[in-house]
Amino acid sequence: QVQLVESGGGLVQAGGSLRLSCAASGQPFSIYGVGWFRQAPGKEREFVARISRNGGSTYYADSVKGRFTISRDNAKNTVSLQMNSLKLEDTAVYYCARDRNPFRSDSYYSTSHFDYASWGQGTQVTVSS
């Protein structure tokens, strides 16, 4: 079983940057694609970005495209989310999760949190004006 732990959240001014990390332990990490989601108070959990198991394919929500970059280092069992040009509406708890099923192809793409598992505890990102 893969366990995931997020880190790197904090308080940042609008227009600033943060880099989130998702560290994995347990089963081989490279057999799973990984997604980042976020949840603001009173809102549904929403998809932010996804990276395939070998890093060959990435997908982004329209709201973060061009500002966020997802990457992974399978040798270090980590997935990162570089967030630039942060906006007030990016304020949320950010979670990483792995594909519910391993060995998904690079073309596989899901924005539904039901298709992910092994959720971390989340890391708070607060963007201030």
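Analyst: At 0% relative accessibility, L20 counts as buried, because buried means under 20% relative accessible area, while exposed means over 50% and partly exposed lies in between (1.4 Å probe, protein chains only). This is a predicted model, in which local features need pLDDT of at least 70 and side-chain atom pairs count only at pLDDT 80 or more, whereas totals for chains, interfaces and linings use all residues. Residues are numbered from 1 along each chain as its sequence is written, and side-chain values use heavy atoms, with hydrogens and water left out.

L20 belongs to strand β3, which covers residues 18–25; strands here are DSSP runs of E with at least two residues, and helices are runs of H or I with at least four, numbered from the N terminus. With contact taken as heavy atoms within 4.5 Å, and with neighbours within four places in sequence left aside, L20 touches S7, G8, G9, W36, V79, S80, L81, M83, Y94, T123 and V125.

Of its 129 residues, 44% count as buried, and residues 24 or more positions apart account for 60% of the contacts with a separation of 6 or more.

F37 and F47 form one that is edge-to-face, at 5.7 Å centre to centre and 80° between the planes. Since F37 lies in strand β4 (residues 34–39) and F47 in strand β5 (residues 46–51), this pair ties together parts that are 10 residues apart in sequence. Both F37 and F47 are buried.

The rings of Y95 and W119 have centres 6.3 Å apart and planes at 80°, so this pair is also edge-to-face. Y95 sits in strand β9 (residues 92–99) and W119 in the loop between β10 (116–117) and β11 (123–128), so that the pair links distant parts of the chain, 24 residues apart. Y95 is buried, with a relative accessible area of 14%, whereas W119 is partly exposed at 27%. Ring pairs link F37, F47, Y59, Y95, Y109, Y116 and W119 into a cluster.

Methods. Rings of Phe, Tyr and Trp (its six-membered ring) pair if their centres lie within 6.5 Å; planes under 30 degrees apart count as stacked, over 60 as edge-to-face and the rest as tilted.
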